[in-house]
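The tour below goes through charged side-chain pairs, one stop at a time.

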Amino acid sequence: MVTAAQPLAYPLSVRHLGPNWYATVMGTSVVATAGAALPSHLPGLRPVLAGVWVLASVLLLTLLGARALHWAHHRDQARAHLLDPATAPFYGCLAMALLAVGGGALTVGRDVIGVRAAVALDAVLFGAGTALGLAAAVAVPYLMAVRHRVEPGQATPVWLLPLVAPMVSAAVGPLLVPHLPPGQARETLLLGCFALFGLSLLATLVMLPLVFGRLLTGGPLPLALTPTLFLVLGPLGQSTTAVGAFADSAPGVVPAPYSQGFGVFAVLYGVPVMGFALLWFCLATVHVLRARRQGMRFAMTWWSFTFPVGTCVTGAEALGRHTGLLAYEGPAVVLYAVLVVAWGTAAAGTVRGLLRGELLAEPGPAPVAPRPATVRTR
């Protein structure tokens with residue numbers, strides 16, 4: 001018999017379920033969408049990718065329900081998440097999870113639910129994800145400035161998450177362009193996605209120097225946060241994917257010479273950005289290897305190895321399409337193999353942590369970046 005002193009068990013189980021859990025949806029969905037665009041397809045791969053998209057959709061529905069219980073029964077904890085500078089940026093993951101599943105509906109999900117249902121589902125999730133992404137891009141930096149009182153020495157790549165959400169909208173939005181009436185509707189959506197691209201890119205360019213500067217002057221990140229270095233790949237790969245999508249959709253939608261300009265921009269922008277992504281991939285990898293040697297254990301931050309790497313796969317695929325160079329198609333296949341291994345590792349660690357009751361237990365103090373050391377001159 002349940003008494004007032006013994007609340008129902010299910011609300012308690014979601015008390016510490018934070019918005020970072022939406023990263024599982026993002027990481028699972030990108031396995032399907034990135035695999036669908038690979039230059040060479042293995043026999044039987046398409047049904048597997050469709051199955052992965054279904055899994056991502058089930059995860060999304062499950063997390064939406066669990067997070068609704070979280071807000072209904074643990075509003076104090078939900079408000080605490082918003083006021084926590086280590087947790088609030090993860091609210092961008094909700095928007096990106098919606099957008100990732102929506103984009104996957106038109107990429108591979110249509111094999112399961114049909115084209116008409118896929119278009120309707122993507123339209124709903126794109127609208128909701130874009131609105132939530134824009135809200136997070138404004139609200140989280142506002143809270144950081146007004147309520148969080150963060151310092152430069154606390155900067156981590158997690159700060160990029162709410163700013164990347166509009167870039168995901170920019171990358172998946174062009175998939176809906178062919179399904180709109182010709183004329184104003186198509187051009188408005190395409191240029192709207194281009195505006196989201198600029199919004200996210202400029203905001204990222206403002207934030208990224210803080211992250212890079214903190215890494216150089218403040219020393220390595222705490223072990224549990226080290227995997228988040230891979231989050232920097234997200235805006236790099238996703239923006240390259242977006243400009244490739246603009247170039248694919250522009251002919252017949254925007255007038256010349258702008259339609260040809262999108263094709264030129266896809267190459268002139270994508271090549272140097274993916275070059276920097278390669279540099280950051282190597283830098284983040286050596287930091288992770290160092291942290292692993294020092295005893296880094298599994299945490300939900302390991303999902304940082306999935307979605308950002310997946311965006312680099314789709315970015316390399318886009319460059320391969322628009323340049324015709326095998327120099328991009330080959331790395332896309334290699335990165336996809338890395339993505340699959342990373343997803344399997346993160347998924348196994350998550351299942352193991354759930355079965356042991358570790359991941360939903362009350363967390364200890366969040367790891368923060370140490371303050372830069374100062375040295376006396378005399």
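How many salt bridges does the structure hold? The structure holds 3, a salt bridge being a side-chain nitrogen of Lys or Arg within 4 Å of a carboxyl oxygen of Asp or Glu.

This is a predicted model, in which local features need pLDDT of at least 70 and side-chain atom pairs count only at pLDDT 80 or more, while totals for chains, interfaces and linings use all residues. Residues are numbered from 1 along each chain as its sequence is written, and side-chain values use heavy atoms, with hydrogens and water left out.

Select Arg15 and Asp76. Their closest N and O atoms are 3.0 Å apart in a salt bridge. Arg15 sits in the loop between helix H1 (9-13) and helix H2 (23-36), and Asp76 in helix H4 (residues 75-82), 61 residues apart; helices (H or I, at least four residues) are DSSP runs numbered from the N terminus. Arg15 is partly exposed at 23% relative accessible area, as is Asp76 at 42%; partly exposed lies between buried (under 20%) and exposed (over 50%), with a 1.4 Å probe and protein chains only.

Next, select Asp111 and Arg46, a salt bridge with closest N and O atoms 2.5 Å apart. Asp111 belongs to helix H5 (residues 91-113) and Arg46 to helix H3 (residues 45-73), so the pair ties together parts 65 residues apart in sequence. Asp111 is partly exposed at 43%, and Arg46 is partly exposed at 30%.

Finally, select Arg321 and Asp248, whose closest N and O atoms are 2.7 Å apart in a salt bridge. This pair links helix H11 (residues 307-323), which holds Arg321, with helix H9 (residues 233-249), which holds Asp248, 73 residues apart.

Definitions and conventions:
Helices (H or I, at least four residues) and strands (E, at least two) are DSSP runs, numbered from the N terminus.
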